[in-house]
Amino acid sequence: MQTTIQEVVERGTEISFKVICPNLQVLNRLRRIMMSAVSTSAVNSVEIFENGSELSDEQLSDRIQLVPVRGEPGDVFSLIVEGPAVVTSDSLKGATVSGIIICKLGPERRLNIRATVETGTGAQHAKWSPISAFCYPSELNNVTTFDCTVRTTGVLPATTLIERTLDALHATS
């Protein structure tokens, strides 16, 4: 039996769908592939020219790299903010999730950074995982159709995420 996905419904960053597959092991493999084998874009390089926040350069870089962004490899995003301010993901061009607090700046403090996008997979680092949760029923008896819900980072459209996941699943079968 070949694994198929049907009845895809996308609501913001949540995707609901039905998976038809032979057993729970195949469904779990689908989950692992979606989390770690689907290629996406994320900030991988951060140059900090001025950091007036209370965070160290390393902490600031880590926070920026974990903000989900849409972009092509080589895209460069600049972030220049004058304090007093709360710097959020809304300030970062390409961010797919708004309201993530990056840092706070006091009066007469500045933040000046340049972030570069690269492609990778969740197996390399969590910042490249296109999903944050994959839910399915835990009590199953001789079922081949599973109702699933996935919370995405918004980096990939639902159809692209599902196509890439099924391609990877069929390539490993």
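**Helix 2.** I looked up the buried residues of helix 2 (residues 57–65) and found Leu60, Ser61, Ile64 and Gln65. Buried means under 20% relative accessible area, with a 1.4 Å probe and protein chains only. Helices are DSSP runs of H or I with at least four residues, strands are runs of E with at least two, and both are numbered from the N terminus. Seen down the axis of helix 2, the buried residues fall within an arc of 130°, so they line one face of the helix. The arc is that of the directions from the helix axis to the C-beta atoms. I noted that their cover includes strand 3 (40–51), strand 6 (101–105) and strand 7 (110–120).

**Basis.** I worked from a predicted model, in which local features need pLDDT of at least 70 and side-chain atom pairs count only at pLDDT 80 or more, while totals for chains, interfaces and linings use all residues. Residues are numbered from 1 along each chain as its sequence is written, and side-chain values use heavy atoms, with hydrogens and water left out.

**Ile162.** Is Ile162 buried or exposed? Ile162 counts as buried because its relative accessibility is 8%. I located Ile162 in helix 3 (residues 158–172). Leaving aside neighbours within four places in sequence, I found Ile162 in contact (heavy atoms within 4.5 Å) with Ile5, Val8, Ile15 and Phe17. I also looked up Ile162 and Met34: they are 128 residues apart in sequence, and their C-alpha atoms are 8.1 Å apart in space.

How values were computed
Buried means under 20% relative accessible area, exposed over 50%, partly exposed in between (1.4 Å probe, protein chains only).
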